[in-house]
Structures are given as C-alpha cells and as structure tokens.
Amino acid sequence: NLQAQLRASVPLEDDLAVLTDRLDRDLEGRTPLAAYVTLFIGIVDGKRGVLRYVNAGQNPPILRRVNGALERLTSGGVALGMFELSTYTAGDTWLAAGDVLVRYSDGITEAENKEGVFFDESGLEDAINRHWWEDAATLGKAIVTSVEGHATDTRLADDLTVLAIRRPMPIPTV
C-alpha cells in the first residue's frame, strides 16, 4: 500500500516533508497499533548536485565526501505510523563531483561475528573509506563482502542491503 501511495503522491507533491506527513497520516488509520514503516526518500538534482531528502526512521545514510569527511543524513522524523500526528522535516545537502552516498539496512551494522561483536558503524565507515572511489555497484558489493568476512562462521540474522550513488566526476575536455 505504501508503494502505491508513494507512486501516486510523488508527482503531485514537491515538498518531501509534506509528502511524508501525508504518508504517515495514511498509515496511521490502516495499520495495526504495533506496525510501522521506515522510509528514506530523496530527490537528486543531477545537474546541480542538490539532494533533498526526508529520513523517516531509517539508519542515517552516510555521505562520503571526496575530501574524506563523513556526514550522516538525519533530517526527517520517526518511522511512519509510529506515533499519531508525527511531523517531518526535509534536509538538503550538496553532492560534489565524486561524493558517494551509502544507504544501508540495519543488517549491515548489526551483523555479529562469533564473539558477538557487531560490524557496527565503524566497520561500515572503514569499508566505505577503503572502496569509496570505486563505482557504486562495486562499492556496494565490497561493503557486503566486508560484512560477510566479519561474520564468518556466523549465521546472519537480517538482510544485507546497500544502495550507493555517486555524483560522477566531470569528463575532462581535451
């Protein structure tokens, strides 16, 4: 239902905070009390490099800048359908040429090794920093491989999902 509502609403609403508020209200009346949905929604202006987003209860995506700085995208609010009359705020950031944004599921950071140590944010940051310069698909695979290496001989308790996007470097003119 959320996917259908999202597809129907996105073309009609430019303000992501208003859109997320509307999705939250729609879920409040249609889901059991303990049910909720996490969501990260973003729109990238590829020409200007502007990313407008709302994070509704997801792990904050990590933006790895070309200069090595790591930023978390936290603007938003709680998971959809969690509390009555929740409100959401949209965030804006700028993607410079070569910057990479990594969106991931909690199965990545919560993967444990046989000693019970989580892969955690530090493991994710390390994997991003070691492979940030590779194409987005290779970066995503490298993160999953790093998690699997950390959790060797341990059954993973959750999914491992990674979405990476990069603003490409301009092609030099001769």
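Guide: Arg65 and Asp99 are both buried, that is, under 20% relative accessible area, with exposed meaning over 50% and partly exposed in between (1.4 Å probe, protein chains only). This is a predicted model, in which local features need pLDDT of at least 70 and side-chain atom pairs count only at pLDDT 80 or more, while totals for chains, interfaces and linings use all residues. Residues are numbered from 1 along each chain as its sequence is written, and side-chain values use heavy atoms, with hydrogens and water left out.

Arg65 and Asp99 form a salt bridge, with 2.6 Å between the closest N and O atoms; the term requires a side-chain nitrogen of Lys or Arg within 4 Å of a carboxyl oxygen of Asp or Glu. This pair links distant parts of the chain, 34 residues apart: Arg65 lies in the loop between β3 (62–64) and β4 (70–72), and Asp99 in the loop between β6 and β7 (100–104). Strands here are DSSP runs of E with at least two residues, helices are runs of H or I with at least four, and both are numbered from the N terminus.

The structure holds nine salt bridges. In another of them, Arg52 meets Asp92, the closest N and O atoms being 2.5 Å apart. That pair also links distant parts of the chain, with Arg52 in strand β2 and Asp92 in strand β6 (residues 91–94), 40 residues apart. Arg52 counts as partly exposed because its relative accessibility is 29%. A further salt bridge joins the side chains of Asp24 and Arg25, at 3.0 Å from N to O. Asp24 has a relative accessible area of 0% and is therefore buried, whereas Arg25, at 31%, is partly exposed.

Strand β2, which carries Arg52, runs antiparallel to strand β1: seven bridges join residues 39–45 of β1 to residues 50–56 of β2. Two strands pair if DSSP finds at least two bridges between them. Within this pairing, Phe40 has Asn55 of β2 as its bridge partner. The hairpin of β1 and β2 has four residues between the strands, and Gly49 takes a positive phi near 80° there.

Phe40 leads on to another arginine: the C-alpha atoms of Arg103 and Phe40 are separated by 8.7 Å, although the two residues are 63 apart along the chain. Arg103 is found in strand β7, and its relative accessibility of 14% is why Arg103 counts as buried.

Some charged side chains instead make up a negative surface patch: Asp106, Glu110, Glu112, Asp158 and Asp159. Residues in a patch have over 30% relative accessible area and no salt bridge, with like charges joined within 9 Å and nonpolar side chains (Val, Leu, Ile, Met, Phe, Trp, Tyr) within 5 Å. Asp158 sits in the loop between α5 (136–150) and β8 (162–166). With a relative accessible area of 35%, Asp158 is partly exposed.

As for the setting, the protein chain has five helices and eight strands, in the order α-α-β-β-β-β-β-β-β-α-α-α-β along the sequence. Its C-alpha trace spans about 55 × 45 × 25 Å along the principal axes. Of the 174 residues, 39% count as buried.

Key. Accessible areas come from the Shrake-Rupley method with a 1.4 Å probe; for residues, only the protein chains shown count as cover. Lys and Arg count as positive and Asp and Glu as negative; His and the chain ends are not counted. The place of a charge is taken as NZ of Lys, CZ of Arg, CG of Asp or CD of Glu.
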